[in-house]
Amino acid sequence: MHLLPTPGRRARRTGAALSAAALLTGLGATAGAGSAAAVPAPPSITLVSMTDVHGHVLDWDYFAGKPYAAGQGLGLARVSTLVDRVRAERGDASTLVVDNGDALQGTPLTYYYARQEPVTTTGVEHPMAQAYDTIGIDAQVVGNHEFNYGLDTLEKYRSDLNAPLLGANVVDQRTGAPYLRPWVLRSVEPTGGGKPVKVGILGLTTPGSAVWDKQNVEGKLTFDDVVATAQREVPRMKAAGADVVVVLSHSGRSGPSSYSEAELGPENVSDRVAAEVAGVDVVVAGHSHQDLPQAWVRSTATPGKEVLVTQPYRWGASVTATRLELDKERGRYSVSGADVQDLRAADAPEDPEVVEAVADEHRRTVEYVDQVVATSTQELPATDSRWRDTPLIDFIQDVQTDTVREALAGTPDGELPVLSIAAPFSRTAVFPRGEVSVKDVAGLYVYDNTLQAVRMTGAQVRDYLEKSAQYYAQVPPGNPADPESLATGATPDYDLDQLAGVEYELDLSRPAGSRVASLTLDGAPVADEQQFVVAVNNYRRSGGGQFPHIATAPVVYDAQAEIRQLLIDRAQATGTIDPADFAVENWWLTAGGERLFG
């Protein structure tokens, strides 16, 4: 039986911190509050939810070296203040606090303590665990990014975290048993007193980790279907005494998957959990980084019932405080209503206890990202990288190409032309003229991808480019005044893959699927059967984005080298970043044969 006491929380503070509860305007209000003296409020409990924090403990942009812009306040330190306010208003014993996953990746802070000074080696308590333990959360589910740094890092984090780390559909492939605790029961005091409410918290995560982190989980973990797992586990929770069922679903509400669903099932199914699983009262959604505090989904499993789906904003920019009103019949509670308040981190100061908890780790991270690694002969911005070939992306391409070419030298594949794939991850990245630091390089390559290489044919390369070209809208001949109008908006920037090593033209006057107007190598047309080695990141090679051929192509290189670190190593080795050494304009956009933005 998964009945656990609430984790030990820090001693409650008094004074200014608690008086801030008054700023939660209307937090405890309900419809008909004007008659509260005549009609007692029903008993209730409160669920505070956050999701997709992605390493943002402090309100600090490590790439810019300063706090985030005014009005964009975020991070767990601000969240902690919001949680304090809710507990002061609703009652500590009547409040549950949960995190919906994707905590361990996303900022240089989490990267540093996974790779530069790994907690698995030093034994230092993981900074994210320090932050969550200071807040005092009751449960957390694993997100897909919890697997980015391997299972050793995940296990270290799990042991450091005071709260249970859940994942009902994460299965140990060797034993067939759950790799993580599936769910937990919490005993919560309803407002007004009375018998404690048993709240069951079920953790589910999108199965895409089997694709995106294949190198870390293959042969070790499998990921079951989210909806089927919930349908199996919720009855078990109810049988164990759960009055209220909360599902932490690290999955988008709905929408297409970024991988083939044939083997894993769909990626974004939180609305389906709400609709198709009997007994569910609240679903906390996430993964998609959308700001959707409240939605109601009609249950098909329980006719006449509507289930609340709440999704706070990413990076700790908001939490949702959900008051669940309760009925009690025959000694068991049930949910009779819910009220959701969206609380913004920008409206709260940082909690000094959280700031202090990670002060040393923050300082060491800042020292790391401020290290100068090279000097750039000119400013190299990423601003135009979505519609023209820029030196900044070429820097990535050159490093990837050289790394793979050197590794394959002397092998049969070493005789093949090496191509490289990169995408414009950041619109604001820039190598300044003069000193270039680690944070400048990290700002260019914001993901913790590793480098791989596969063998592909000319026909497959062409298909791949056609997929990437779907990023653009169809445009008539002539230079558009606004290059931003070229994007459809349906494809994220990180799926705008650009290719180095061949020359190609994309004609945007043509419909998607037929835009590769030319594809040449050293001036000669690329033949369909021609063989290439293609350098690519592990996310794309594993099938992320559903690009054709790449996931099934033979792998010829996989040294587990992190691309970001390869870029840093190149900068340090050369000492100078000069576009003359690596920039090659090898692709361009046209419309009706007329070159755009020449």
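Two strands pair if DSSP finds at least two bridges between them, and the legends below use the word in that sense for a predicted model.

**View 1. The hairpin of β14 and β15.** Strands β14 and β15 pair in the antiparallel sense, and 12 bridges join them. Within this pairing, T320 stands opposite D342 in β15. The two strands form a hairpin with two residues between them, and in the turn R330 has a positive phi of about 55°.

**View 2. The open sheet of six strands.** The strands of this sheet follow the order β5-β4-β3-β2-β14-β15, and their pairing is mixed. At the edges lie β5 (165-166) and β15 (332-344), each of which pairs on one side only. Elsewhere in the sheet, strand β3 (residues 95-99) and strand β4 (residues 139-141) pair in the parallel sense over two bridges, and D99 has Q140 as its bridge partner in β4. Helix α2 (residues 76-90) packs on this sheet, where it touches β2 (44-50), β3, β14 (318-329) and β15, and the direction of α2 makes about 175° with that of β2.

**View 3. Helix α2 beside helix α5.** The axes of α2 and helix α5 (residues 127-135) come within 9 Å of each other and cross at roughly 15°. Because angles under 35 degrees count as roughly parallel, α2 and α5 are therefore described as roughly parallel to each other. The crossing in which α2 passes α5 is right-handed. On the α2 side the contact involves L76, V79, S80, V83 and R87, which meet M128, A131, Y132 and I135 in α5. Sorted by class, the residues in this contact of α2 with α5 are seven nonpolar, one polar and one charged.

**View 4. Helix α3 against helix α13.** Helix α3 (residues 108-116) and helix α13 (residues 359-369) pack at an angle of about 85°, and their axes are 9 Å apart. That angle makes α3 roughly perpendicular to α13. From α3 the contact draws on P108, L109, Y111, Y112, Y113 and Q116, while α13 contributes D360, E361, H362, R364, T365, Y368 and V369. The residues of this contact of α3 with α13 divide by class into seven nonpolar, three polar and three charged.

**View 5. The open sheet of five strands.** Here the order of the strands is β25-β24-β23-β29-β30, again with mixed pairing. The edge strands are β25 (524-525) and β30 (594-595), and each of them pairs on one side only.

**View 6. Confidence across the model.** The protein averages a pLDDT of 92, and 93% of the residues score at least 70. Over residues 1-36, by contrast, pLDDT stays under 50, and for this stretch the model has 63 contacts beyond four places in sequence.

Note on methods: Residues numbered from 1 in each chain as written. Predicted model: local features only at pLDDT ≥ 70, side-chain atom pairs only at ≥ 80, totals over all residues. Heavy atoms only, no water. Helix = DSSP H or I, 4+ residues; strand = E, 2+ residues; numbered from the N terminus. Contact = heavy atoms within 4.5 Å. Axes fitted to C-alpha atoms, helices over the stretch in contact; angles between N-to-C directions. Parallel < 35°, antiparallel > 145°, perpendicular 65-115°, else oblique. Left-handed = near helix turned anticlockwise from the far one by under 90°. Nonpolar A, V, L, I, M, F, W, Y, C, P; charged D, E, K, R; others polar. pLDDT = per-residue confidence, 0-100.
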